Amino acid sequence: MDRRFPIRLTCVLASALAFVPLLASRAAEPASQEVLFRDVRVFDGRSPRLSAPTAVLVRGNRIAAIGGEAVPAGGAATIIDGGGRTLMPGLIDAHVHLMFATLSQVAVLTGDIGFVNIAASKAANDMLLRGFTSVRDLGGPTFGLKQAIDAGLVPGPRIWPSGAFISQTGGHGDFRLPNDLPARPGDFTYSERVGAAAIADDPDTVRQRAREQLALGASQVKLMAGGGVSSHYDPLDVTQYTVAELRAAVEAAENWGTYVTVHAYTPRAVRQAIEAGVRCIDHGQLLDEATAKLMAEKGVWWSLQPFLDDRPSAFAEGSANRRKQLEMYKGTDTAYALAKKHGIRTAWGTDTLFDAQAATTQGAQLAKMVRWYTPAEVLKMATADNAELLALSGLRSPYEGRLGVVEAGALADLLIVDGDPLANIDLVADPARNFVVIMKDGRVYKNTLGAGQ
């Protein structure tokens, strides 16, 4: 054997690993041109009112100036005349599954992973063109898709990835067939091999699986802490994992400077997650007043989805999944009431799974939030508030800079809306018609207004 082989292998590995940040760094290269948005009324991500007509200057991938100071440095700026339309931050969805959103569950679990990746790439492009410039992906093998988007190979939103969601045997993330159980020691099924799920049944294995996702680039860790609608083994009331198991993941995440979020609906599941140090609860439709109060006291985020029985279901009437879905839907009004009553930090997301048609209604799912909030509160939640949740990843955040606001120095993720969404929130439900300019990271991905010099 060539004694130089270990050295050669080390060099090859080092070169390969060095190539990864090179790809990702392309997204951080500021665009050379300046873009001046003229005659726009600004929703800044926080205020309940639009500004007076003003100008906003983008230089590279940042907002350089607003108002009288928005003067291009040179003579080559691209000028986009807003004609009095609304300029606002790009929208943020705090709960997506880009790899699973538009294909059926059967296609995801049995299809070639290359096909699934291509479908996810199209889903990412479509999501960006709906005005969603950032997303928190809470389960699925999205590391490659994120890398391709950041490298400029395909268009899509910024992604805060969780990687594989971690689940106990028989939990919400266990996609194995009944004839795969009992599992053979050391055997990994398809969903585990492609990085969709990670089965772990003791604290040490949970810790290992969490560390694996962090090593691969997870910005936060996702665990399944309770029963789910789309899974087949677990009723909604099932509490999953123990405090010790959840705490193992929390410790692993905290050592990396980030946090754990969990899928959970019930008081018991949420309470033990909080005891373990979990920082965010996703769903929680079945919570009671005492648990909501505890969340507020502990400063835990509540990432809620506006799940209502207002669209066709992917599950057959009378099926176990459909019964679970209807049970969960009944809790949505109560959940939002509790979140508002106790002042819980609340995020918004869609959590669309296995449904191409439902994925197209992302903006409509945001607009229907006026059932519980004012339009200004809705838009603040999907911009500045969701950006605060993304920032919980700390140094594990994959992108540097402020998001969700229109302020000097913030990242230039911007939309121009043909109308006033604070007065008519339904404008966001039809992005193809009403979002006339879409910019992410200082680059224009859609512009139906034209531009001048």
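In which loop is the place of Pro182? Pro182 sits in the loop between strand S9 (165-167) and helix H5 (190-193); helices (H or I, at least four residues) and strands (E, at least two) are DSSP runs, numbered from the N terminus. This is a predicted model, in which local features need pLDDT of at least 70, side-chain atom pairs count only at pLDDT 80 or more, and totals for chains, interfaces and linings use all residues. Residues are numbered from 1 along each chain as its sequence is written, and side-chain values use heavy atoms, with hydrogens and water left out.

**View A. The peptide bond between Leu181 and Pro182 is cis.** Its omega is about 0°. Most peptide bonds are trans.

**View B. Phe354 has a positive phi of about 55° although it is not a glycine.** The residue belongs to the loop between strand S15 (346-348) and helix H12 (356-359). Phe354 is buried, with a relative accessible area of 17% (buried means under 20% relative accessible area, exposed over 50%, partly exposed in between; 1.4 Å probe, protein chains only).

**View C. Asp441, not a glycine, has a positive phi of about 55°.** At 5% relative accessibility, Asp441 is buried.

**View D. Helix H14 (residues 375-390) has a kink of about 45° centred on Met381.** The bend at a residue is the angle between axes fitted to the seven residues ending there and the seven starting there. Twelve of the 16 residues of H14 are buried, among them Met381, Asp385 and Asn386.

Notes: The expected span of a helix is 1.5 Å times one less than its number of residues.
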